[in-house]
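Work through the two exercises below with the model open. Each task is followed by its solution in steps.

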Amino acid sequence: MNRENTPMSNTVEQASKQVFWKDISRLAIGVAIIIAINFISQQYFFRLDLTEEKRYSINPATKELLAQIDEELEIISYLDGELNPGFQRLERSLNETLDEFEVYAGNELKIREINPLEVVPKEEQQAFFRKLTELGIEPTYVYDEEDGQRRQKLIVPGVIINYKGQQAGVMLLNGDRAAGSQEVLNQSIESVEYELANAIRKLINTDKKTLALIQGHGELEGVDIVGLKSALEEYYTVEELNLTEVNSLPEYDVIMINKPALRFSKQDKYKIDQYIMKGGKAMFFIDPLRINMDSIGENGSIAFPYDLNLDDQLFRYGIRINKTLVQDIKSGVYPFVVGEMAGQPQIVPLQWPFFPIVNKYGNHPAVKNMDAVFLRFPSEMDTVAADGVVKTPLMFSSEYSKVSRTPMIVDLNELREAPKPENFTAGSQAIAYLLEGNFTSLFKNRILPDVGSEQSFIAKSEPTKIVVVADGDIVRNDINRSNGNPLPLGYDPITERNFANEDFVINTLSYLTDDQGLINARAKEIKIRPLDKVEIENNALFYQLLNLVLPIVLIVIFGIIKAFIRKRKYASY
């Protein structure tokens, strides 16, 4: 029997065709959109980071650095194996950062993960760990509670970077060791990008910036700055320049004046002034008072002011170093003879407030998350009015400080009594400042000295930066008294502890000379959002059911709503 065309059948057929072509058009539009998105993404690369603190983004200067890699660069991570939750966070942050590095470095970046406890044979592990230590990576022991037992684990929180036959080690566990373990780990996570990028910069930077250590005024030299020069030469071309022997300062990228002891002539001040006016960067490490621990007798020693003739120059630039000594209840120790036994002197290290251990820093990337710095006889600083200059404090003593003014006697007998907090009520004192902006010349509206140079006088500087620290010993390394060899900068032989003196110098220098702004990667902040352990313990079952049941309930509700909408849509046909 032939089916006759009826109005109803024609209407249904037309509706079916409309639905068909509508679906086809939707499919075609969807395919076209996907193709367009892929084409645009190939032409215009971008990545989105929706986290509040931009934890998955890297600094533009880091991207620019990675783009300079022109040969294979290998990064070997030794942060692997059985890690506790804290180090798992550090490992995850490292891997996320390396993933970002791969995106911007392309095929030139190769990454390997190695658990040295599994790969390196036991008989070779000691030599392997010694090599890591030489590269600045210190294996760390951590303790975990498992099944009611305390287990000790060895972790290697570092990576090695190989590039063009060169090698650099990166210690990932950094930060203020005085903070809690979780805070140190969080600080380390914040510093991952900078530590990696800084090591890569050191390897690929063939055109090093120039740095001059100024001499001619009793500045530190020889064995006292071996540690400083060793640290600087990894990043800079370092020269020693006797300022009294030249007519003007060459165009160095930065100069350092380290603990001068003799008076600066008007000519030498003019040379420094005009160097800064031309945009040169400078670091001043100044001791305003003369104190020698080796010359302190039974009755103590008077602290005399140095006659450096630099006060008016620093004052014009916006800073004043006072003729004072800052004592801090958080301090290092000094070996003191407390008596004799069997004819032998009994030497005990006692707390010495004139040697502050400083771990309070200003809000600046150069000093963010830094470990403590060891100082000797620092002084306090004040800022003064200077048009066009921004002053940022970098380092402070603790809240329990004491300020002594000259004339004063430094007496070793004070070591016999433990420092009393009620005597340290002066509050935090600024010990280092960063000055930035357009500086006014000290010699503006003055008769210019004759320095034998025909260069024209500059009264106002180009934008530049200066760091002033009221402690000259921060850049002086100790000497091994048994063999006379210099020790690393920041190493205290009495407590056998490494302080962050080297980090302070290198980081601040990096800020002064880094035109790309790589140091700003240290400004990254990752907030800790810990769970409420008490709440979890009291309502553990509720949260477990919530996590288990709620997703299922939501899926069922979604399915019911979807089925209802579908039924209403197609029931009309």
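**Exercise 1.** Is Phe 377 buried or exposed? Then describe how its ring pairs with that of Phe 355.

*Solution.* 
Step 1. Phe 377 has 6% relative accessibility, so it counts as buried (buried means under 20% relative accessible area, exposed over 50%, partly exposed in between, with a 1.4 Å probe and protein chains only).
Step 2. Phe 355, at 5% relative accessibility, is buried as well.
Step 3. The ring centres of Phe 355 and Phe 377 are 5.5 Å apart and the planes stand at 85°, so this pair is edge-to-face. Rings of Phe, Tyr and Trp (its six-membered ring) pair if their centres lie within 6.5 Å; planes under 30 degrees apart are stacked, over 60 edge-to-face, the rest tilted.
Step 4. Phe 355 sits in strand β17, and Phe 377 in the loop between β19 and β20 (381-383), 22 residues apart. Strands (E, at least two residues) and helices (H or I, at least four) are DSSP runs, numbered from the N terminus.
Step 5. One aromatic cluster includes Phe 355, Phe 377 and Trp 352.

The model is predicted: local features need pLDDT of at least 70, side-chain atom pairs count only at pLDDT 80 or more, and totals for chains, interfaces and linings use all residues. Residues are numbered from 1 along each chain as its sequence is written, and side-chain values use heavy atoms, leaving out hydrogens and water.
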